[in-house]
Amino acid sequence: MKNLESVAAPGPARVDTLDNLREHLQWAIELEQATLPPYLCALYSLDPERNPEAVEVVGSVFAEEMLHLALAANLLNAVGGRPRLDFPGMLPPHPRRLPHSSLELSLLPFGPAALEMFLRLEQPAPPGAPAEGDGYETIGQFYDAIEQGLRDLCEQLGEREVFCGDPARQVAGTHFRHTAGNLFAVEDLESALGALEEIVEQGEGTARGQVWDGDQDIFHPERDEVAHYYRLQELKLGRRYQRGDTPRSGPTGERISVNLSAVRPMRPNPRLSDHAPGSAVRTAQEEFNRTYCTLLNQLEQAFDGDPKLLGTAVGTMFALKGQAAALMSLPDGDGTVAGPTFDYVPPESRP
């Protein structure tokens, strides 16, 4: 398996064989997982009592990134691959690059710097932007390369040859909290294109130029749901999008309040090596890391033929939330508090 930090080759890379398609879909799993630690740090740093609207937005984006991870796993299973999440290269130190891209990810508390990072991460592809299977500039361009490869391979080999995976390995029918998105089985080209559309439109908006992602807002059923990039713009600009708004107009709806004084001042990109073994902060960080790696293992097993473990993974997420709250109550010098490091812990070192 390629190292996550391998340097991406310049220019678009075509997805032109089944093995190449499986490799790119594993990269998609690695990409979606890479977004989780930064979103979790921003979410955990928010005081939910005094920042409910920011918690709602960041929490809903995180939930949909989990959905995208599951859809990417269904795609890989559908074409005869095996999703992998529990290996050391999945969790390199932060700051780090998004897999096969130059986009940089850091672990930051919620605030202007985190918002700018997320906006760059979720940025829509420009009109007419080429598909890019490696060294991609936007996530949408990477998924465009996978879509193009899927279409070409189905035309060359036939759908039955491409979608050769065991249908029993599909994870479907599970409702993800805080999202109107659907987790469905991928069995043919139509459902595969639907999964890719769900991933890209929730991030960038429908038809690459719309604010909306095509779903109904689960928190506000009277309005359409805004895509990730534009939800983050709402937090940055302090207003919600309303019907008639466009990317060019910006949001013109009701105000949305963000209280930057109600954010736990987590130290950016915390490291285990900043604290002595046995210290309170390091002990709490190590406990969090063990739990997060247990989560990765549960997800891998769920996507590797044991779908019922997805429910177990949801329970592990609640344990992570409590451990993060305990970490962020510990002072870390210079007015900051401790935060999770997301280091890899080998299976033999987990409970």
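Okay, housekeeping before the pictures. This is a predicted model, so local features need pLDDT of at least 70 and side-chain atom pairs count only at pLDDT 80 or more, while totals for chains, interfaces and linings use all residues. Residues are numbered from 1 along each chain as its sequence is written, and side-chain values use heavy atoms, with hydrogens and water left out.

Let's start with the overall layout. The chain has nine helices and four strands; helices here are DSSP runs of H or I with at least four residues, strands are runs of E with at least two, and both are numbered from the N terminus. Reading from the N terminus, the order goes α-α-β-β-α-α-α-α-β-β-α-α-α. Of the 351 residues, 57% count as buried. Buried means under 20% relative accessible area, exposed means over 50%, and partly exposed is in between, with a 1.4 Å probe and protein chains only. Take the contacts with a separation of 6 or more: 70% of them come from residues 24 or more positions apart. A contact, by the way, means heavy atoms within 4.5 Å.

Two packed helices are described by the angle between their axes and the distance between the axes. The axes are lines fitted to C-alpha atoms, for helices over the stretch in contact, and the angles run from 0 to 180 degrees between N-to-C directions.

Partner one is α4, residues 139-157. The axes of α1 and α4 come within 10 Å and cross at roughly 155 degrees, so α1 is roughly antiparallel to α4. The cut-offs for those words: under 35 degrees is roughly parallel, over 145 is roughly antiparallel, 65 to 115 is roughly perpendicular, and the rest is oblique. The crossing of α1 and α4 is left-handed, meaning that the near helix is turned anticlockwise from the far one by less than a right angle; clockwise would be right-handed. On the α1 side, the contact includes L18, L21, W27 and L31, and on the α4 side F142, Y143 and I146 are among the residues. By class, the α1 and α4 contact splits into 13 nonpolar, one polar and one charged. For those classes, Ala, Val, Leu, Ile, Met, Phe, Trp, Tyr, Cys and Pro count as nonpolar, Asp, Glu, Lys and Arg as charged, and the others, Gly among them, as polar.

The angle between α1 and α8 is about 135 degrees and their axes are 13 Å apart, which makes α1 oblique to α8. This crossing is right-handed. It is made by Q33, L36, P37, L40 and Y44 of α1 with F288, Y292 and L296 of α8. The class count for α1 with α8 is seven nonpolar, one polar and no charged residues.

Let me zoom in on Y39, which sits in α1. Buried or exposed? At 1% relative accessibility, Y39 counts as buried. Leaving out residues up to four places away in sequence, Y39 touches V58, V61, F62, E65, F118, L121, E122 and L232. With V58, 19 residues along the chain, the C-alpha separation is 6.9 Å.

A quick word on α2. Its end C-alpha atoms are 39 Å apart, which agrees with the 39 Å that 27 residues should span; the expected span is 1.5 Å times one less than the number of residues. In α2, 25 of the 27 residues are buried.

Most residues other than glycine have a negative phi, and most peptide bonds are trans. Yet H94 and P95 are joined by a cis peptide bond, with omega about -5 degrees, and P95 lies in the loop between α2 and β1. N269 has a positive phi, near 45 degrees, in the loop between α7 and α8; N269 is buried, at 18% relative accessible area. D334 has a positive phi as well, about 55 degrees, in the segment after α9, but D334 counts as exposed at 81% relative accessibility.
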